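Hi,

Here is the structure I promised to pass on. Have a look at it first, and then read my notes on its pockets, cavities and ligand below.

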Amino acid sequence: MQKLLIEGGHDLNGQVRISGAKNSAVALLPAAILADSAVTIEGLPEISDVDTLGDLLEEIGGSVSRDGQDITIHPEKMMAMPLPNGKVKKLRASYYFMGAMLGKFNKAVIGLPGGCFLGPRPIDQHIKGFEALGAEVTNEQGAIYLRANELRGARIYLDVVSVGATINIMLAAVKAKGRTTIENAAKEPEIIDVATLLTNMGAKIKGVGTDVIRIDGVPSLHGCRHTIIPDRIEAGTYAIAAAAKGKEVIIDNVIPQHLESLIAKLREMDVTVEESDEQLYIARNRPLKSVDIKTLVYPGFPTDLQQPFTSLLTQASHSGVITDTIYSARLKHIDELRRMNAVIKVEGGSVIVSGPVQLEGAKVKASDLRAGASLIIAGLLADGVTEITGLDHIDRGYEKLTEKLSTLGAKIWREEMTDVEIMQDQNM
Ligand code: EPU
């Protein structure tokens, strides 16, 4: 087991290249189940979530070959193998096996998914969609059983705007008989990416990127090649790090339109942000002004950047208020930031971050992926050395993080933990 060490106070300078989008990757891989021949996905991030999903595709009989960042999935020999336990529990996105296997085999058994603890994360809207398409869905000893004689298109109104439910219903509906309409659908770029892959496979989908998606079922889907979109949350994390500790940072392989809400907030803080086709230029040459942020569904401010942004706000001129309307309990980074001298109050549904504060290096633990990102940004800003454990969370979603930050001039490295440290960490 390793820990991450950061000697704070060094400016970031230079260029960093963003990887393929984690939250697309985790849906694109299960989507390949629906094809009758090989699907190649190019530009996948080298993160543990991708490895886990590759293993799960093999568990159901697929053959998965990897060539650097490109993965080819041969679905020809896949079967409706039950996946009640094991690796499905490692990540939330294993729920996409429900929609994809139901769409392909009319049945699936998938253990209730794990992933980051962000408070309650129900999947009732996914189930509502599967049932509307004609599936019988039961929860038996912590696994979801889905069975259908045949899937038929339906009109489905989502009671909450959900990325996962929108994608999962698309996966189940692309081969259903007739037309499916998803109303109040989510509009995240990852949904468009998945729909693009499915369309390349022969699916008929209209309206993605709006809140009404129409799908006309087709009897079969074929293989194809698809290039994944860049990871807007990874790009946003580096943009926030650059605003916190950067002199001049260029973020390469990014779609700036995917980050409009963050860019607007950084500019309000007096950070210089310039956009070009595939790059962002970020420079900080003035003190940071405080801002408030409220997370919303896309194109609003992403909940996944709320925790990293908290660390940035510790450097702003006054207090800033963060309200997460998607996951109000996504707060596990706060106690850790307090250990680093941050002054943060939680009042009702809001987090009030006081600035400017000199953060101090400390031993802290990442409780989830984006909490990890927030601690890393705090570590870059802190006086002295910050030790971060819980790297398994960070490695789920950030490719080559240590290397990328080192290239920008950060003093960051990994060390093996001693047995005593591992024991102490488990009690933290
Ligand atoms: N919700 C329900 N019922 C449902 C589904 C969702 O009430 O059936 C609620 C959730 O509890 C939440 C809101 O709806 O309050 C939105 O949840 P959504 O379904 O959109 O989230 P998700 O699909 O489970 C994805 C990302 C998350 C990201 C959220 C919100 C993946 C694998 N995960 O989760 O990413 O925070 O959308 O944008 O795509 C991360 O990358 O760190 C991460 C957690």
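**Pockets, cavities and the ligand**

The lining of the largest pocket divides into 21 nonpolar, eight polar and twelve charged residues (Ala, Val, Leu, Ile, Met, Phe, Trp, Tyr, Cys and Pro count as nonpolar, Asp, Glu, Lys and Arg as charged, and the others, Gly among them, as polar). Before going on: this is a predicted model, where local features need pLDDT of at least 70 and side-chain atom pairs count only at pLDDT 80 or more, while totals for chains, interfaces and linings use all residues. Numbering runs from 1 along each chain as its sequence is written, and side-chain values use heavy atoms, with hydrogens and water left out.

That largest pocket has a volume of about 920 Å³. Here a pocket is an open set of points on a 1 Å grid over the protein atoms alone, with protein on both sides within 12 Å along at least five of seven lines; a cavity is a set where a 1.4 Å probe fits but cannot get out, and lining residues have an atom within 4 Å of a point. Grid points are joined across faces, edges and corners, and a volume is the space filled by probe spheres set on the points. Of the 41 lining residues, Arg121, Val163, Gly164, Ile326 and Tyr327 lie nearest the centre of the largest pocket.

The second largest pocket comes to about 190 Å³. Arg17, Ile18, Ser19, Glu399 and Lys404 are the closest to its centre among 14 lining residues. Both domain 1 (2–19 + 230–426) and domain 2 (22–227) contribute to this lining, so the second largest pocket lies between them; the domain bounds come from an automatic or database assignment.

As for cavities, the whole structure has two of 30 Å³ or more.

Now the ligand: 26 residues surround it, the closest being Gln125, Ser162, Asp304, Ile326 and Arg370 (a heavy atom within 4 Å counts as near). A backbone N or O atom of Ile326 sits 2.7 Å from a ligand oxygen. A polar side-chain atom of Asn23 is 3.1 Å from an oxygen atom of the ligand. The ligand taken alone exposes 830 Å², and the protein buries 90% of that (Shrake-Rupley areas with a 1.4 Å probe).

Cheers

Note on methods: Polar contact = N/O pair within 3.5 Å; in protein donor to acceptor, adjacent residues only side chain to side chain.
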